[in-house]
Amino acid sequence: MSQESGGTAERAAGTGRSARPLDDVDRRILDELVRDGRTSVRTLAERIHISRTNAYARVERLLRDGVITGFRARVAPEAAGLGTSAYIALKIEQNTWREVSAELARVRYIEHAALLGGDHDVLALVRAPDNATLRDVVLGRVQGIAGVLSTRTWLVFEEFDGERSPWE
């Protein structure tokens with residue numbers, strides 16, 4: 001199984017062509033890999049009841065088509081020393097998304113950011129070691145980015161993943 005990471009999705013984005021629709025076997029493959037990205041092709045084939053050759057070919061196609069963009073470890077933030085999590089909503093100047101997103105990508109402790117439609121323009125997930133670091137991220141780094149007009153922060157008290165995969 002290829003261990004490609006990044007690049008493919010960026011090349012596929014904006015090409016104007018849609019990926020071929022996923023069939024039931026593709027969705028079952030995705031479900032298994034989301035549960036455990038370290039699953040071997042042999043185990044994957046056994047769980048889905050297809051040949052190893054078919055499983056390998058499908059995983060490679062899903063990688064090539066940019067459906068699977070890579071494999072990574074899921075890390076428990078608190079166990080890894082990032083005990084404070086928060087969502088930060090940003091209002092930004094119109095037409096500054098590219099510049100703001102490029103700067104946000106360089107801010108340590110921002111795990112994810114998304115452009116939104118609605119009352120706020122951007123939502124960022126921050127995972128920091130403590131409240132003091134979170135304060136520095138928000139007040140020092142994020143609010144200092146050109147184009148950021150305002151921020152609003154929500155502390156995360158508890159979080160969980162959904163029990164159902166969208167691929168099953």
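Reader: Which residue in β3 stands opposite Ser-85?
Author: Helices (H or I, at least four residues) and strands (E, at least two) are DSSP runs, numbered from the N terminus. Two strands pair if DSSP finds at least two bridges between them. Strand β1 covers residues 84-92 and pairs with β3 in the antiparallel sense. In β3, the residue opposite Ser-85 is Arg-127.

Reader: What are the ground rules for numbering and confidence?
Author: The model is predicted, so residues are numbered from 1 along each chain as its sequence is written, while local features need pLDDT of at least 70 and side-chain atom pairs count only at pLDDT 80 or more. Side-chain values use heavy atoms, with hydrogens and water left out, and totals for chains, interfaces and linings use all residues.

Reader: How many bridges join β1 and β3, and how many join β2 to β3?
Author: Both pairings are antiparallel. β1 and β3 pair over seven bridges. Strand β2 spans residues 110-115, and the bridges joining β2 to β3 number five.

Reader: Which residue of the hairpin of β2 and β3 takes a positive phi?
Author: Leu-115 stands opposite Val-122 in β3. The hairpin has six residues between the strands. The positive phi, near 140°, belongs to Gly-118.

Reader: Which strands stand at the edges of the sheet?
Author: Four strands form an open sheet in the order β2-β3-β1-β4, with antiparallel pairing. Two of them have a single partner strand each, so one side of each is left without a neighbour in the sheet. Those edge strands are β2 and β4 (148-156).

Reader: By how much are neighbouring strands of this sheet turned against each other on average?
Author: Axes are lines fitted to C-alpha atoms, for helices over the stretch in contact, and angles run from 0 to 180 degrees between N-to-C directions. For the sheet average, direction is ignored. Neighbouring strands are turned by 20°.

Reader: Which helix lies across β1, β2, β3 and β4?
Author: The helix covers residues 97-105. Its direction is at about 170° to β2. The helix is α5.

Reader: What is the relative accessible area of Leu-125?
Author: Leu-125 is in strand β3, residues 122-128. Contact means heavy atoms within 4.5 Å. Leaving aside neighbours within four places in sequence, Leu-125 is in contact with Ala-86, Tyr-87, Tyr-109, Ile-110, Glu-111 and His-112. Buried means under 20% relative accessible area, exposed over 50%, partly exposed in between (1.4 Å probe, protein chains only), and Leu-125 is buried at 7%.

Reader: Is Asp-31 buried or exposed?
Author: Asp-31 lies in helix α2. Beyond neighbours within four places in sequence, Asp-31 is in contact with Ser-165, Trp-167 and Glu-168. At 7% relative accessibility, Asp-31 counts as buried.

Reader: At what angle do the axes of α2 and α4 cross?
Author: The axes of α2 (residues 24-35) and α4 (residues 52-64) come within 11 Å. Angles under 35 degrees count as roughly parallel, over 145 as roughly antiparallel, 65 to 115 as roughly perpendicular and the rest as oblique. The crossing is at roughly 80°, and that makes α2, relative to α4, roughly perpendicular.

Reader: Within what arc do the buried residues of α3 fall?
Author: Val-41, Leu-44, Ala-45 and Ile-48 are buried in α3, residues 41-48. They line one face of the helix, because seen down the axis their arc, that of the directions from the helix axis to the C-beta atoms, is 100°. What covers them includes α2 and α4.

Reader: What is the phi of His-49?
Author: His-49 lies in the loop between α3 and α4. His-49 is exposed, with a relative accessible area of 70%. Phi is positive, in a residue other than glycine, and near 65°.

Reader: Where does Asn-95 lie?
Author: Asn-95 is not a glycine, yet has a positive phi of about 65°. Asn-95 is exposed at 73% relative accessible area. Asn-95 lies in the loop between β1 and α5.
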